[in-house]
Amino acid sequence: MGTLRLRGPEEKIIMTERSAAVFIQAWWRGTLVRRTLLHAALRAWIIQCWWRQVLEKLLAKRQRMVLEFYVQQEWAAVRLQSWVRMWCVRQRYCRLLNAVRIIQVYWRWHTCHSRGFIEGHYELKENQLNIQLEISLGSQACKVQQCIPLPLKE
């Protein structure tokens, strides 16, 4: 059946029992639907939050791996540069040492053959040899001071 309306200063709606039951049932179904939608929306929101956390963890892990790889490459480059510098310095040192030994051999040979006396000192600086010698042959004496550049290729 329908509802009966009376018009007056205050509009009142008069319902029959059946229409009131239908109205209450509709309201209750609407409430259940809204509650179900709310629960579904909350569950979806929880899943989205969880998924964002998973993505953040994956991104952080990926960034950490990239950073570790970069650090490993940088250390490898630094080590390699260090070895090359060490090798160059060692080659330079060996060349200078060889030059010093050659000079010492000539000095010793000269001392033995001239029966004189040689006194002096030398100093190696980067790519040059500074020599100060005093050679005495009996009553004769000779002082030599010389700076010899050594051929070094770099």
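Me: A nonpolar patch joins side chains such as Phe, Trp, Met, Ile and Leu within 5 Å, using residues with over 30% relative accessible area and no salt bridge. Which residues form a nonpolar patch on the surface here?
Reply: The model you see is predicted. In it, the patch consists of Met-15, Phe-23, Ile-24, Trp-27, Trp-28 and Leu-32, and together they have about 650 Å² of accessible area.

Me: Why is Phe-23 called exposed?
Reply: Phe-23, which is found in helix H1, has a relative accessible area of 52%.

Me: What makes Lys-125 and Glu-123 a salt bridge?
Reply: The closest N and O atoms of Lys-125 and Glu-123 are 3.9 Å apart. The cut-off is 4 Å, so the contact qualifies. The count for the structure comes to one salt bridge.

Me: Are those two residues buried or exposed, or something in between?
Reply: Lys-125 has 40% relative accessibility, and Glu-123 has a relative accessible area of 39%. Both values fall between 20% and 50%, so both residues are partly exposed.

Me: Now for the inside. Which residues make up the largest nonpolar core?
Reply: The core has ten residues: Leu-96, Ala-99, Ile-103, Trp-107, Ile-118, Leu-129, Ile-131, Leu-133, Ile-135 and Leu-150. Helix H1 (17-114) and strand S4 (128-137) are the elements that give two or more residues to this core. As background, nonpolar side chains tend to be buried together in soluble globular proteins.

Me: Why does Ile-135 count as buried?
Reply: Ile-135 sits in strand S4 and has 18% relative accessibility. Buried means under 20%, so Ile-135 passes the test. Leaving out residues up to four places away in sequence, Ile-135 touches His-110, Phe-117, Ile-118, Gln-140, Ala-141 and Cys-142.

Me: What does Ile-131 contact, beyond its neighbours in sequence?
Reply: Setting aside neighbours within four places, Ile-131 is in contact with several residues, including Ile-103, Trp-107, His-121, Tyr-122 and Val-144.

Me: How many helices and strands are there in the protein chain, and in what order do they run?
Reply: There are one helix and five strands, running β-β-α-β-β-β from the N terminus on.

Me: How much of the protein chain is made up of buried residues?
Reply: They account for 10% of the 154 residues. The accessible surface of the chain comes to about 14,200 Å², and 62% of that surface belongs to carbon and sulfur atoms.

Technical notes: Residues numbered from 1 in each chain as written. Predicted model: local features only at pLDDT ≥ 70, side-chain atom pairs only at ≥ 80, totals over all residues. Heavy atoms only, no water. Core = buried A, V, L, I, M, F, W, Y, C linked by side-chain atoms within 4.5 Å. Buried < 20%, exposed > 50% of the residue type's maximum accessible area, 1.4 Å probe, protein only. Helix = DSSP H or I, 4+ residues; strand = E, 2+ residues; numbered from the N terminus. Contact = heavy atoms within 4.5 Å. Patch = residues over 30% accessible without salt bridge, like charges linked within 9 Å, V, L, I, M, F, W, Y side chains within 5 Å. Areas by Shrake-Rupley, 256 points an atom, 1.4 Å probe, with all protein chains shown as cover. Salt bridge = Lys/Arg side-chain N within 4 Å of Asp/Glu carboxyl O.
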